[in-house]
Amino acid sequence: MSAEPASLPPVRLQPEAQLARDALASPLLARAVRIARWAGPETRVGAGGELVDEQLPAAAAHLGFAEDDEDGPANASEAWRVAVDIGLVDVTDGEEGAGEDGQDSDGTVTAGEDLAAVTSGSPEDVLGLWLGALDTVFADATAPDLEDILGAIEDGGDIDLGQLDWDPQAEADFLEGILGNLYLLTVGEGATGESPTDAVPLPALAASMIVPEDMGEPTDDVLEQVSDAMMRLDDQFRMLEPTGLVEFRPVDEELMAEAGDDPDPLDGDDEDISRYGMVRLTPLGLYGVRARMLEAGVDAPAVGDLADKGADTLLAATAEFPPEAARAETELWLSGRDPLTAARELLSAAHGDDEAAPLRRLLCQQALSLTGSAAEPALREVLDDGRLGGLARVWLAEHGASDVPPPPEEMVYWLTVDTVAAQLQAEGNSEELQGLVEGLAEQHSGFFDIAWRVDHPATADVLEAMGRLHPDKKVAKEARKAAFKARSHGGR
């Protein structure tokens, strides 16, 4: 996959039971199951386990294809091969030339052990069968075209691999990378994969693997590569769509005829670009691509992975999540715990003076906002804690608690520095943070005269950031002077 492990946000997958139903409803697996149930001892197969040609019309008819449907035999052959590959059918290979007509035959066919899993197996069993079917089709999709193979056959009948110009690993890596980028676009910033993302144009998807990020205007050579890759992807997604992995709108053949031999797929309005093909991952596709990533050793988290982990792990991991995914993960984590126990665990994990501690406390505060009044005793227990007393008072006030002691001035300023430090870690120099900085300077006269004395590891960094972000030059200068004092007098 092309995506770096650290860049992958968590995906919120549908329940396995629903995914299994989607898998069984996918055209390819449904056909494989039907043809496996149709097969019997009288079914004739070739030496390689494939259905002999004479069997294909009957198999296609059983799958519902009309007699004059040219694609029926090919679809039946594919369904049979998938059924054999994933264990729905067991085939004992025949012998070469053993058939009555001289065709390789005499193999025997029996129901595979895994056929029973379709009706009596667990959702995980069904999804395992579907992943096996996906593997088969993926291998087909990255194989060379039949025309290329025929053109590379030498006089002796052997295939000239040099003439074929086919690198199986490179082909597989490219398609894996395409699926990885499609996965990222589906579960990117602000998305959890719960609802379908907008379909992605094939040219943009091809360009994501070919056009260098620092390239301005693509060269003619790069555009030609994108165009070639786009057409290859059109073929590949046509093959993958029956697995249920993607929803796909193929390239408009009339448009390609209009564009001629050298189309520019990156040049066109929204209506035109959609005619070059559109693709989106289905919920089942999200599951499938993630499974392939995990198998390849990529860290591809899913919402719910942290449900049985400690609060320290939750706060550390969600620091890297988009906001919606972090909230979804936290809600699942809280749902399996007693509110009071969970609140105590979160507060304990939020302690510390390390660089990541301010963001941990911010995430702790956000997690606590999802708890109810049952968590109140835990917040009262830390009212005198210099690191947690401020956020405890905020929680108690928001929940309408009575008898909340006012915070000392030192705690107010410490919480302010801690909050800005957390926002810097989470968002950098964002507009939201700039608004927070402006508000602080306006609400607290003499803020910087006191702030530089705050005993917080991030005091100087926070004041420097305020100097960068505040639009008023005079206020910004005061912030920078306060930062200098903090470093000079506090050793920070």
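**Reading local features in a predicted model**

Modeller: Aspartate 403 is exposed, because its relative accessible area is 69% (buried means under 20% relative accessible area, exposed over 50%, partly exposed in between, with a 1.4 Å probe and protein chains only). This is a predicted model, in which local features need pLDDT of at least 70 and side-chain atom pairs count only at pLDDT 80 or more, while totals for chains, interfaces and linings use all residues. Residues are numbered from 1 along each chain as its sequence is written, and side-chain values use heavy atoms, with hydrogens and water left out.

Colleague: Where is aspartate 403 placed, and what is its phi?

Modeller: Most residues other than glycine have a negative phi. Aspartate 403 is not a glycine, yet its phi is positive, at about 60°. The residue sits in the loop between helix H20 (389-398) and helix H21 (409-427); helices (H or I, at least four residues) and strands (E, at least two) are DSSP runs, numbered from the N terminus.

Colleague: Which side chain of opposite charge is nearest to glutamate 78?

Modeller: A salt bridge is a side-chain nitrogen of Lys or Arg within 4 Å of a carboxyl oxygen of Asp or Glu. For charge, Lys and Arg count as positive and Asp and Glu as negative; His and the chain ends are not counted. Glutamate 78, in helix H4 (residues 72-85), is buried without a salt bridge, and the nearest side chain of opposite charge is arginine 31, 4.7 Å away. Beyond its neighbours within four places in sequence, glutamate 78 is in contact with Leu28 and Val137 (contact means heavy atoms within 4.5 Å).

Colleague: In what order do the strands of the open sheet lie?

Modeller: Two strands pair if DSSP finds at least two bridges between them. Here three strands form an open antiparallel sheet in the order E3-E5-E4. Strand E3 (200-201) and strand E4 (246-249) are the edge strands, each pairing on one side only. E4 and strand E5 (residues 278-281) pair over four bridges, and methionine 278 in E5 is the bridge partner of arginine 249.
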